[in-house]
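Dear colleague,

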Amino acid sequence: MALGTRLLPTNAATEEESRSAYFLEARLAPDSPLVGRSIEQNRLRNLEGLFLVEIERDGHLISPVGPAEVLLAGDVLVFTGEVTKVQALQRFPGLQVFGAGADALLKSNLVEVVISNQSELANRTLRDVDFRTMFDAGVVGIRRGDKRLTGQLGRIPLRVGDSLLLAAGPDFFQHRNLDRNFHVLNGAGLRPRMTAQQGTLALSGFAAVILLSALEWLPLFSGLLILLAALLASGLLTLGEMRRRFPFELMIVIASALTIAGVIERSGAAELMAGWMRQLFDGYGVGRRTGRRLPDPLALTELVTNNAAAALAFPIALGTARAFGVDPTPFVMVVAYGASAGFLIPFGYQTHLMVYSAGRYRMRDFLRAGLPISLTYSIGVLLLVPLAFPFRPG
């Protein structure tokens, strides 16, 4: 990783770029007192932390915007600005931010989110979806790395990794579709942090469950259920938070993968595949056969979540182990480690998306820095798994 970080570009933000983090869209209402006056007269040129980059008028763009430009009803003003300076628009009457009054919208909690790779908003515009109803929030601004967005922002298709600045309502953090669509970076509505004492109790309980399971005094599943009940009883975890975070989609993927594996085995396809595997790898060591299972989860985890990649590759690994009559544990562990190796592209893991836009990285930056890490990781897995989990225990 020390080598990989050296391969990443150092995109130090200039003062101008740091001042232009978000793109904000504001429309002039017909009854606004700003209508009929110039940019200079309305004092729109000297906003702290905000800069007027263009005006969209009847489908045409006015850029750059001169100080003598007279504003008309229906003009769409596009600003760039810092998150903390958005409230500067509140003092302009008749100015609507993304279709909502600036006064009402900007009094809400401002929350910064990143669109996830599972979001249903990807490749759709804000006008295509009823955003306020879906999330109890209004969009204040959009950020896409250092790329300048032109035209009406409400008509621009959103992309995975885009950052949105939201004015969140009281029910925003209670929506079940929140985790699927966004990675929340900040916001006053987040659940309060645990105190030091609460954190110590929670970690101690988890450590106790692991210890009891390792000593074979209590099954791991039973211990985790007891810990879950204790967290609910103490108030450290709420039923609402459990319902919102329960991975329903992952359960469906796992159930589907196991069902497919059962059908393959009962239909005789597993035995047929076993014969093909024996012919294909006849003469190779069992360790090399294990290595042939690593690319499957490695590729899948870059495209889907690591849990889904493991669930989809598990039946293949289990069938391979049965074909050669060895303990399936090393094959399953290779799948588990491979599914956790999302180093190559920014869309496979949430932390990659969080830094992708903020760091102004490109796809090739991730490939250049992630490839040596992925190769080193893979070699380590293939060398160490057979030592820790022998093919023929005892």
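What follows is a short account of a helix, a loop residue beside it and a group of aromatic rings.

Please keep in mind that this is a predicted model. Helix H16 runs over residues 363-388, and its 26 residues reach 35 Å from the first C-alpha to the last, which is close to the 38 Å expected at 1.5 Å a residue. The helix bends by about 35° at glycine 370, and proline 372 follows within four residues. Among the buried residues of H16 are Asp365, Ala369 and Gly370.

Two of these residues, Asp365 and Ala369, are touched by leucine 8, which also touches Tyr361. Leucine 8 is found in the loop between helix H1 and helix H2, and the C-alpha atoms of leucine 8 and alanine 369 are separated by 6.0 Å although the two are 361 residues apart along the chain. With a relative accessible area of 27%, leucine 8 is partly exposed.

As for the aromatic rings, a search of the whole structure finds four pairs. In one of them, the rings of phenylalanine 131 and phenylalanine 135 have centres 4.9 Å apart and planes at 50°, so the pair is tilted. Phenylalanine 135 is buried, at 0% relative accessibility. Phenylalanine 135 also forms a tilted pair with phenylalanine 182, at 4.9 Å centre to centre and 55° between the planes. Because phenylalanine 135 lies in helix H4 and phenylalanine 182 in strand S10, this pair ties together parts that are 47 residues apart in sequence.

With kind regards

Conventions
Residues numbered from 1 in each chain as written. Predicted model: local features only at pLDDT ≥ 70, side-chain atom pairs only at ≥ 80, totals over all residues. Heavy atoms only, no water. Helix = DSSP H or I, 4+ residues; strand = E, 2+ residues; numbered from the N terminus. Expected span 1.5 Å × (residues − 1). Bend = angle between axes of the 7 residues up to and from the residue. Buried < 20%, exposed > 50% of the residue type's maximum accessible area, 1.4 Å probe, protein only. Contact = heavy atoms within 4.5 Å. Phe/Tyr/Trp six-rings, centres within 6.5 Å; stacked < 30°, edge-to-face > 60°. Lists of a residue's contacts leave out its neighbours within four places in sequence.
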